[in-house]
Amino acid sequence: MRVIIIGGGIGGLTTAIALSRALPDSTKIDVYERVPVLLPIGAAISVWSNGVKVLKHLGLGDAIEAAAGDMQRMAYKTKDGKDLCDFSLQPLYEKVGQRACPIARTHLQRILLEGATQSCTNVTVHLDKAAASFTQSATSVTITFSDGASETAHLLIIAEGTHSKLRNTVIGRPVQRSYVGYVNYNGAVPITPALSDSPTTWTQYVGDGKRVSMMPMGDGHKFYFFFDVSMPAGSVASHPDTYKNELAAYFAGWADPVQNLIKTLDPAKVARVEIHDIEELTTFVNGRVALLGDAAHGTAPDLGQGGCQAMEDAWVLAQALKNHPGDHSAAYAEYDKLRVERTVQLVSRARKRAEMIHGKDMAVTMAWYEELARESGEGIMDGMSKTILGAPAGLDSAVEPLKKEGLM
Ligand SMILES: Cc1cc2nc3c(=O)[nH]c(=O)nc-3n(C[C@H](O)[C@H](O)[C@H](O)COP(=O)(O)OP(=O)(O)OC[C@H]3O[C@@H](n4cnc5c(N)ncnc54)[C@H](O)[C@@H]3O)c2cc1C
């Protein structure tokens with residue numbers, strides 16, 4: 001069997017590894033990625049416990065744990081630096097059986113790329129190859145690339161991210177992406193006492209419907225930071241030269257660590273992202289083609305679950321194909337059943353949370369600030385554990401021995 005995966009991001013590479021682990025060695029897996037060099041977009045990502053569990057099943061647990069930051073506590077503060085709540089994440093980690101791994105995107109990408117190319121003999125990653133369209137018949141699917149070349153396979157997995165163009169062909173109509181109402185500026189800075197006296201705490205400053213976050217991400221003792229600012233749709237994208245001035249204006253009068261962060265950051269290395277999600281889909285599959293990751297369920301990052309859900313997709317799809325050898329229709333039906341409802345609910349919850357955090361209705365946002373002031377940590381961790389433990393059954397089973405040698 002030959003499987004083609006479009007997109008060498010988190011979803012595409014995790015899928016390649018998961019398929020290689022689950023399916024017979026004779027399966028040929030080709031990943032086609034449009035960029036000539038895989039460079040991460042954004043500084044870091046928090047791989048929550050459900051995502052880490054997938055990577056552990058794929059033999060990448062040690063690598064991710066070694067490269068991740070040490071995030072032990074979580075704190076919310078007011079914009080002028082007063083504590084709202086501050087609690088240990090240990091009870092969450094104990095309840096879900098795995099710590100979170102906030103990690104530099106470069107390291108995650110390296111781990112996934114090495115996993116796909118060095119330890120999976122039946123995976124080939126082709127760079128600088130952009131997919132343009134596909135057609136399918138009862139027996140095969142053919143993908144055509146922007147350079148005019150084409151390839152034929154038994155199955156096609158589309159993991160080309162939130163801007164996916166091929167998605168419209170899968171669904172049979174244009175799929176809408178919608179602005180969630182805010183812009184996120186993110187990057188990485190060395191941890192210093194001027195930013196925080198607790199390098200293992202994920203600290204978030206909130207006020208006026210805005211947010212500043214600093215999360216330990218490893219990579220030589222750094223914080224992954226972001227600033228969220230509500231802006232109307234169609235705001236003009238600014239240039240890195242003006243980021244410091246913009247942030248200084250948006251966060252004027254906020255606490256000293258926030259001012260220090262603005263002074264410290266390197267604007268040339270800041271990513272400015274207008275946050276979007278995609279409309280609810282009722283299926284991710286069509287014939288021999290399946291959508292995966294952000295192409296299927298692009299989400300606001302307010303639950304920190306987009307990448308983790310792409311990892312869950314990869315694991316579920318591989319297990320489904322393993323469970324139904326020679327019957328891709330049954331496998332895809334299982335994939336749809338296990339993935340559509342869970343991810344659609346998370347996209348909807350992330351949007352509601354984004355609106356609450358970013359002042360869509362300031363009364364709701366103010367009520368959230370008051371709730372944070374009463375929080376012991378239990379309520380927040382209860383919500384997080386429900387999200388994590390909502391992962392597909394089986395993810396918590398003992399990690400199966402991997403068939404490829406040298407991975408455990
Ligand atoms: C600000 C921000 C913060 C986030 N924080 C978190 C977090 O803390 N935790 C978390 O789990 N998630 C987080 N996410 C979400 C996460 O980044 C995404 O869900 C994840 O990257 C999706 O992976 P993907 O592989 O589906 O898509 P992508 O990572 O977008 O990868 C798609 C790949 O496909 C390639 N491609 C596109 N079109 C084509 C084509 N036609 N042909 C060939 N290749 C193509 C692209 O070049 C890209 O490499 C965050 C997102 C944002 C914006």
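Select the ligand and its shell: 33 residues surround the ligand, the closest being Gly7, Gly9, Gly161, Gly293 and Gly306. A residue counts as near a molecule if its C-beta atom, placed from the backbone, lies within 6 Å of it. This is a predicted model, in which local features need pLDDT of at least 70 and side-chain atom pairs count only at pLDDT 80 or more, while totals for chains, interfaces and linings use all residues. Residues are numbered from 1 along each chain as its sequence is written.

Next, colour by element. Helix 1 (10–22), strand 3 (44–47), strand 12 (177–190), helix 9 (294–297) and helix 10 (306–323) each give two or more residues to the shell; helices (H or I, at least four residues) and strands (E, at least two) are DSSP runs, numbered from the N terminus. Helix 10 supplies the largest share, four residues.

Now select the largest nonpolar core, which has 117 residues; Ala16, Ile103, Leu156, Ile158, Ala290, Leu292 and Tyr335 have the most contacts inside it. Such a core is a set of buried Ala, Val, Leu, Ile, Met, Phe, Trp, Tyr and Cys residues joined through C-beta atoms within 7 Å; buried means 20 or more other C-beta atoms within 10 Å of the residue's own, with C-beta atoms placed from the backbone. Helix 10 gives the most to this core, with 10 residues.

Finally, zoom out. The protein has 13 helices and 18 strands. Its C-alpha trace spans about 65 × 45 × 35 Å along the principal axes. Of the 408 residues, 46% count as buried.

Definitions and conventions
A residue is buried if 20 or more other C-beta atoms lie within 10 Å of its own, exposed if 12 or fewer, and partly exposed in between; C-beta atoms are placed from the backbone.
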